[in-house]
Amino acid sequence: MDDSTHLAAPLRRRHFLGAGAAVTGAAMLGAGTTGTATAATPTAAVAPTSTAASTTASTTASTADAFDQLRGVWSDILTGGSAVDPTDPDYATAIATIDATAAAAIARYDNSAAPASVYTDLPFTHVENASGTYYRIRDTAIAWATPGSAHYQDAAVVARLVAALKLIGAAYYNPSSNEVGNWYHWEIGAPQALVNACAVLGSQVPAADLATYLGTVAHFVPDPTRQQSGTVLTTGANRSDMCQITILRGILAKDGALIALGRDKLSDIYPYVTTSDGYYRDGGYIQHGAIPYNGHYSYVLLNDLSQLSLLLNGSGWPIADPQFSVILDSVDLTYAPFMYDGLVMDVVRGRFLSRQGETDHDAGHAITEAILRLIPVGSRDQQKRWKALCKGWIERETFTTIRASATPARMALVKSVLDDSKVHAIGQGPDHVQQPSIERAVHRRPGWAWTVGLSSSRIARLEAINGENQRGWHTGDGATYLYNDDNGHYTDAYWPTVDGTRLPGVTADTLPLAPSAGSGTLPPTTWSGGAVLDGRWGAVGLDLVPYGSPLRARKSWFCLDDGVVALGAGITGSSGHAVETTIENRNLHASGSNRLTVNGRPTPTTAGWTGSFAASGWAHLEGVGGYVIPPDSAPGATLRALREQRTAAWADIDNGPSTGGTTTPYTNTFATLWLDHGIDPSGGSYVYLLLPGASAAKTARRVERPDVTVLSNTPALQAIHSQRNSLTAANFFTAGALPSVGASGPASVLFQEHDGRLTLAVSDPTCTQTSLTVTLDSRARYRRGFSDDPGVSVDLKGAAPVITLDLTQGLPGTSRTVHLSF
């Protein structure tokens, strides 16, 4: 599967649908503050209800008016409609954005006497250029239909667009053409842009031409449930795209049955899934069978559904399926956990993190837009929370802000919350989230967030197809991401310039890998995941089996109030290459001079500096935080540091035919810290504490007052205790025991004792066991115990408290919580 699109300059991507979306349903469709949005003018039923000739004629006319009204609503969704005020400076800037897009397209028209293509730089030699042509036509049509645009209602512009549609329809995209190359462009990219352009242009497209184009769309998209010439069942975002195409074809053809078909086949998307593509109850979203995609495919789907709900609710074809509530719930479960100050975290963006034309902020803007568009159909509580969340993301964003590049349609949505004094921005939450279905965890504290990407026999290491993500080798090997006040750390050419073999959090063999190596592969291990206590603390672990390497290791991360404790054990290699655990690899941007201090001594800020230190003590990177390595925690390892300038181009990691980056070189300065375990280590280990936002002085104090005690760091069991929080966290890779807690099999366990009460969280990260028993310290004489989670029993009658989990109940890999008291 693929959803690649041609990235013409300026870049446009399919999930933006040219101008994104229009104002909220309340503003456009006259919706109230709760419930379902309603159209400004009620539409008529499709079927006539009277046999009288006059009644039939009246109903037929009314039906035609209903289709015309829907086409107008869709055009308004794309352009912003009457909400756009050209005299408002915000809208003037937004209009200038779409004008620039249209002007760039117009400048590339083939003005020869007998043009072979619409644009000189997009010859009809492959399907990517054909779909790219339709994108430009659509975007220019949107400018033509937007009041205040330099191209608004320009007769010459619309005449050229009508001619352009006819040219490409005759020369390339028609029923006599065979699908060659990427199926996506034939069945989604081109037809979606085509029907959007026709909807915006309306009656400017001659009826005969429109019928021809709709016949072409019907040829390539006859059934929204099938793709690739009918050979594959559509799922997720591909289904929603093709349903949207079908609905718009129905509107333009004035065929109510087609609208109903497209609407009804959306219903297959709504229910939660337990395997393969779709939404999971824990908030995860998967596309392509085993790839976490909360940060791309899922928001393409959300964008489609938010637009279609706005279009159809209040019409003769409303979305009435009660399971649409799953989509509404996904805002808080699927999208919000991975948003940070306007961007969406790369840990759930799959191969799209390598696209120059779709940064983490671009994706975050699309999510924000879709959520704002859904507000009218949310419950009262959802509306209030979503407005506050979106306002917070918009106001805190400082790098490539949503307002800087918004189209008029998107600006209308943004202003709906920014200009509302009753909406008060809120921060992120909850503090710790884990989604076992996609093997991702997010830990938040004021001023920073940390996340990690894992893989197992259930979740692939990475996706690298169509020339994309060629150096994403280790993104599923425990790569960690730290978000702080640097709102552009990953946006600013991080992925092309970073050393892909040294991603923070990763233990890797330096054995070279080929571009795209490991794409779609599943490790043979099952231990991947962790547990969450009170939505505040977390334990995460991974049985590491990297692609193409004999390296093996067990890794854990324990997430606390002021940082993350990282443990590694059983680090064994036999490739003849060095094995490294990267602690930090920070993008300091082109001329970053952030000071790196090691054990109290500042290091040089000159590019090319390297240093080697004993693997004990502390380090601090200005503007980022501190790193503590306890004595004797990394035997045989050496702490190494590097400050370097790295130059690369986006084309180096994405040379896909429709998404490939430019060859323009970008240079960034990186500060890198790693533990060198040597060549072919046997049973190596490490412990380090990451303290985001900590000063050098605070970092140094943590060495003297560590708070954290490592209870075990072996391949079988990794565990810590935090005195400050009275918290114990342990990852049992096999059955085992500490003095305070034991597990009958693989488990992730956290418990906290306070004022005669104990709260325990337990999960099975392997998702393979049917039952699990946890035994607590026999000295604890608790009298009462209960759990609100399914399949949990508490036995306090014996010498020690025993908790038994029936893992056939509840969601796989999720935490069960138990409360004990004296």
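Predicted model: local features only at pLDDT ≥ 70, side-chain atom pairs only at ≥ 80, totals over all residues.

User: Salt bridges, then. How many does a search of the whole structure find?

Analyst: The search finds 30 salt bridges across the whole structure. As background, side chains of opposite charge can pair when their charged atoms come close.

User: Where do R373 and E369 lie?

Analyst: Both are in helix α12, residues 360–374, and they sit four residues apart, which is about one turn of the helix.

User: What about R502, which side chain does it meet?

Analyst: The side chain of R502 meets that of E580 in a salt bridge, at 2.9 Å from N to O. R502 is in the loop between α16 and β12 (507–509), while E580 belongs to strand β17 (residues 578–587), so this pair ties together parts that are 78 residues apart in sequence.

User: And are those two buried or exposed?

Analyst: R502 has a relative accessible area of 15% and is therefore buried, and E580, at 7% relative accessibility, also counts as buried.

User: Which residue does R724 form a salt bridge with?

Analyst: R724 forms a salt bridge with D562, and the closest N and O atoms are 3.3 Å apart. Because R724 lies in the loop between β27 (717–722) and β28 (727–732), and D562 in the loop between β15 (552–559) and β16 (564–572), the pair ties together parts that are 162 residues apart in sequence. D562 counts as buried, at 13% relative accessibility.

User: Which residues are linked in a network of salt bridges?

Analyst: One such network links D88, D90, K415 and D419.

User: Changing topic: where is T451, and what does its side chain reach?

Analyst: T451 is in strand β10, which covers residues 448–453, and its side chain reaches the backbone oxygen of A441 at 2.7 Å. With 0% relative accessibility, T451 counts as buried.

User: What is the place of A493?

Analyst: A493 is in the loop between β11 (479–483) and α16 (494–497), and at 3% relative accessibility it counts as buried. Leaving aside neighbours within four places in sequence, A493 is in contact with W650, Y666 and N668. A493 and A648 are 155 residues apart in sequence, yet 8.6 Å apart in space from C-alpha to C-alpha.

User: Last topic, backbone angles: what is the phi of E439 and of D680?

Analyst: E439 has a positive phi of about 55° although it is not a glycine, and the phi of D680 is near 50°, again a positive value in a residue other than glycine. For context, most residues other than glycine have a negative phi.

User: Where are they found, and are they buried or exposed?

Analyst: E439 is found in the loop between β8 (432–435) and β9 (440–445), and at 2% relative accessibility it counts as buried. D680 is found in the loop between β24 (666–679) and β25 (684–692), where it is partly exposed, with a relative accessible area of 31%.

How values were computed
Residues numbered from 1 in each chain as written. Heavy atoms only, no water. Helix = DSSP H or I, 4+ residues; strand = E, 2+ residues; numbered from the N terminus. Buried < 20%, exposed > 50% of the residue type's maximum accessible area, 1.4 Å probe, protein only. Contact = heavy atoms within 4.5 Å. Polar contact = N/O pair within 3.5 Å; in protein donor to acceptor, adjacent residues only side chain to side chain. Salt bridge = Lys/Arg side-chain N within 4 Å of Asp/Glu carboxyl O.
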